[in-house]
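Subject: Handover of a structure and findings

Dear colleague,

Please find the structure below, handed over for your work. The findings follow directly after it.

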Amino acid sequence: MGRERALVLGGGGLAGIGWQTGVLFGLAESGVDVTTPVDLVVGTSAGSTVGAQLGAALPLAELYARQVDPARQNPELSPTGASVEELLATMAKFAEETPDPVELRRRIGELALGAATPTEAARRAVIEARLPRHEWPGWALSVVAVDAYTGETAVFDRDSGVGLVDAVAASCAVPGVWPPVSIGSTRYVDGGVRALTNVDLAADYGRVLVVAPMVEPAFAKQLAELSGRVVVIQPDGEAVAAFGTDVLDPAVRAPAAVVGRAQGAREAAAVAELWR
């Protein structure tokens, strides 16, 4: 496998799924389809969903329609646990108290294991409905999750022996909101617990496009460690407004996708220079 082009798709809830899909569609409409060629896609949380959807061999126009057309949108559960705002506040508190990153992730996993959430089966059904195809794509897709018991990072791919639906469900298991996902003898939580983009997993690639709905302070350090050329697309003002106050609200999918499409078109020249 070549190590030339990597696409990194970050976490950001349902808003992030809609916006990233819109950005990729807007780029493609402008003549820059970053899914061909691509040597690696790194997907974290929302980005794991988008990465898996890209492997379904559907046109980006169809994936976009699944975000903006109410008749094509898949049903979503209503969170019963902590809000995203509460979760971020708790994680920030834990980070102040726990300098070791693995121990920090273990504490967050412990919180997730004890939270009242919908059942794993109900949540898995949602992920199944999100993915038009349940087999790993032929190209390299890396899906990031975190072991809830140990805090260790897990990177699932087509050679990991883990099914695509389970891998994406694990990567999207927001702690305290959705249940940790059982795989083998352990359970996993959201890959965003490690980092919201995990862009360092593309460190050896010559050209890296990062589509990041949300970032944290460690993002800049991860970017600095990349050896190749990098373009980062983050939400502009219109996108931030479209995301609203709750990125897990299904109502934000369509507006986030619409503004993402427009932003993708505006970013096309810079991305074309990188990708070509």
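The side chain of glutamine 263 reaches the backbone nitrogen of aspartate 236 at 3.4 Å. Please note that this is a predicted model, and that every value in this message is computed from it. Glutamine 263 belongs to helix H10, which covers residues 253-275. With a relative accessible area of 3%, glutamine 263 is buried, because buried means under 20%.

Strand E1 spans residues 5-9, and 5 of its 5 residues are buried. The burial applies to both faces of E1: Arg5, Leu7 and Leu9 lie on one side, while Ala6 and Val8 lie on the other. As background, side chains in a regular strand alternate between the two faces of the sheet.

E1 has pairing partners in E7 and in E2. With strand E7 (residues 207-211), E1 runs parallel and is joined by 5 bridges; here leucine 9 stands opposite valine 211. With strand E2 (residues 40-44), E1 again runs parallel, joined by 4 bridges. In that pairing, valine 8 stands opposite valine 42. The chain passes from E1 through H1 to E2, and this β-α-β crossover is right-handed. A further pair between these strands is formed by leucine 7 and valine 41, the latter being the bridge partner in E2.

E2 is likewise mostly covered, with 5 of its 5 residues buried. Leu40, Val42 and Thr44 point one way from E2, whereas Val41 and Gly43 point the other way, and all are buried. E2 is also joined to strand E3 (residues 141-147) by 4 bridges, and the two run parallel. Within this pairing, glycine 43 has valine 143 of E3 as its bridge partner.

How many of the residues of H2 are buried? The count is 9 of the 9, so H2 is largely enclosed by the rest of the structure. The buried residues of H2 are Ala46, Gly47, Ser48, Thr49, Val50, Gly51, Ala52, Gln53 and Leu54.

Two of these names, Thr49 and Gln53, return in the lining of the largest cavity. The structure holds 1 cavity of 30 Å³ or more, and about 40 Å³ of space lies in the largest cavity. Its lining consists of Leu14, Ile17, Thr49, Gln53, Gln67, Asn74, Glu76, Arg130 and Arg253. Helix H1 (13-29) and helix H2 (46-54) each supply at least two residues of this lining. By class, the cavity lining divides into 2 nonpolar, 4 polar and 3 charged residues.

The largest pocket

Turning to the open space, about 940 Å³ lies in the largest pocket. Of the 44 residues that line this pocket, the closest to its centre are Met91, Gly192, Val193, Leu196 and Glu216. Which helices each supply at least two residues of the pocket lining? They are H1, helix H4 (84-97), helix H5 (101-114), helix H6 (120-130) and helix H8 (218-224). H4 gives the most, with 6 residues. The pocket lining has 26 nonpolar, 7 polar and 11 charged residues.

Serine 185 is found in the loop between strand E5 (181-183) and strand E6 (186-190). Is serine 185 buried or exposed? Serine 185 has a relative accessible area of 80% and is exposed, because exposed means over 50%. Serine 185 and leucine 196 are 11 residues apart in sequence, and their C-alpha atoms are 25 Å apart in space. Leucine 196 is one of the residues closest to the centre of the largest pocket.

Yours sincerely

Definitions and conventions: Residues numbered from 1 in each chain as written. Predicted model: local features only at pLDDT ≥ 70, side-chain atom pairs only at ≥ 80, totals over all residues. Heavy atoms only, no water. 1 Å grid on protein atoms, 1.4 Å probe; cavity = no way out; pocket = protein on both sides within 12 Å on 5 of 7 lines; lining within 4 Å. Points joined across faces, edges and corners; volume = space filled by probe spheres on them. Nonpolar A, V, L, I, M, F, W, Y, C, P; charged D, E, K, R; others polar. Buried < 20%, exposed > 50% of the residue type's maximum accessible area, 1.4 Å probe, protein only. Pairing = 2+ DSSP bridges. Right-handed = clockwise from strand over helix to strand, strands pointing away. Polar contact = N/O pair within 3.5 Å; in protein donor to acceptor, adjacent residues only side chain to side chain.
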